[in-house]
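This report covers two protein chains and the contacts between them. Please look at the sequence and the model first.

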Amino acid sequence: MSSRRPRSRASTGASRISDEQISDLVAKLQALLPEARLRSSDRMPSSRVLQETCSYIRSLHREVDDLSDRLSELLATSDVSTAQAAIIRSLLM
Amino acid sequence: MQGRNCTTGKSSTAFKQELLKNLLRGLRARTDACAFSAMSVHERKRAVKSSADVAMAAARGVGARWPKAILAAAAASTSSNRSSCQVRSSRFRRVARRCFFREKRRGPAAGVAAASSVDVARRLVRRRTMALRKVIPGGDAAMDEASLLREAMDYVVHLRAQVDVLRRVSEAMQIRSSLLRYAPSSIHGQEASSSMRQ
């Protein structure tokens, strides 16, 4: 209708720069997604990247929850300081 | 070269080490207050999850917004002593799921006459941006889209590191508890000397 398509409402003068900046950030975000590693450099639409990022974050949250649950079970029977020794010994990093 | 917010290689290891250190410290502090064996299953899970999140946030420091949001929420929950942390995170997930379903049901531009494809695309981006804000701690604060995208990248990278650290800790402890079961003498002598040193 009236406006073109300024992604950023901030200032119409800078909207072109913002568009490029945003699409650059979207591309970087896409590169982090697990699917992106399979599909080399095909650009996904922003909405897709946002959706995939959302579900990726949620799946990472689930992983953290599951691992925390497992860890809490282990901690019920072992105390932390001996766990510490085990961890250091296994040379994690 | 990745963006300056992405931690790869050396700085990722440094972050994980910091996270691990914070995690162990945090768990120890909690266990000093109340032994894990004395807690209910639910309390214990919440305590570990909270320690993991606080450890991650503290290790990240000031370079992003989400750590502050996590630490603020953790502080609020310790003062109220209810499971508000859990409520927050499950609320995030519940709202995000609701948003997703709402999207599916309404379909493309239902009830809007003559919407251009640009309008539809923009609306979809806006909806998905809102959903993204809800899964990032502190994401619902006022910030422009560029900042939100940077936050998302930063958060994803550090979440992955948190997953990695938690996995390694669980595995190390699992190995240890298996060893205790099958070869207790191999552990016992070493444990005794190292715990005395500590």
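## A serine at the chain contact

Apart from neighbours within four places in sequence, A:S68 is in contact (heavy atoms within 4.5 Å) with B:V48, B:K49, B:A52 and B:L166. A:S68 sits in helix α2 of chain A, where helices are DSSP runs of H or I with at least four residues, strands are runs of E with at least two, and numbering starts at the N terminus. Its relative accessible area is 1%, so A:S68 is buried; buried means under 20%, exposed over 50% and partly exposed in between, with a 1.4 Å probe and protein chains only. A polar atom of the A:S68 side chain lies 2.7 Å from the backbone oxygen of A:V64.

## Basis of the values

This is a predicted model, in which local features need pLDDT of at least 70 and side-chain atom pairs count only at pLDDT 80 or more, while totals for chains, interfaces and linings use all residues. Residues are numbered from 1 along each chain as its sequence is written, chains are lettered from A and ligands numbered from 1 in the order in which they are written, and side-chain values use heavy atoms, with hydrogens and water left out.

## Interface of chains A and B

At the interface, 49 residues of chain A are in contact with 62 residues of chain B. The buried area, meaning the accessible area (1.4 Å probe) that the two parts lose on being put together, summed over both, is about 5,700 Å², and carbon and sulfur atoms give 70% of this area.

Six residue pairs are in polar contact between chain A and chain B, both residues being at pLDDT 80 or more. A polar contact is a pair of N or O atoms within 3.5 Å; within protein, one must be able to donate a hydrogen and the other to accept it, and residues adjacent in sequence count only if both atoms are side-chain atoms. On the side of chain A that touches chain B, α1 (15-32), α2 (46-77) and α3 (80-89) each give two or more residues. The largest share, 25 residues, comes from α2(A).

## Salt bridges

A salt bridge is a side-chain nitrogen of Lys or Arg within 4 Å of a carboxyl oxygen of Asp or Glu. Over all chains there are twelve, and four cross the interface of chain A and chain B. One of them joins B:R44 and A:E73 at 3.7 Å, N to O.

B:K49 and A:D65 form a salt bridge at 3.6 Å, N to O. This pair runs from helix α2 of chain B to helix α2 of chain A, and both residues are buried. B:K45 pairs with A:D69, with the closest N and O atoms 4.0 Å apart. B:K45 is partly exposed at 28% relative accessibility, and A:D69 is partly exposed at 27%.

Within chain B, B:R60 and B:D154 form a salt bridge with closest N and O atoms 2.8 Å apart. B:R60 is in helix α2 and B:D154 in helix α6 (residues 145-182), so the pair ties together parts 94 residues apart in sequence. B:R60 is buried at 18%, and B:D154 is buried at 1%.

## Chain B

Chain B has seven helices and zero strands. Of its 198 residues, 42% count as buried.

B:S51 lies in helix α2 (residues 41-60) of chain B and is buried, with a relative accessible area of 4%. The side chains of B:S51 and B:R30 are joined by a polar contact of 2.7 Å.
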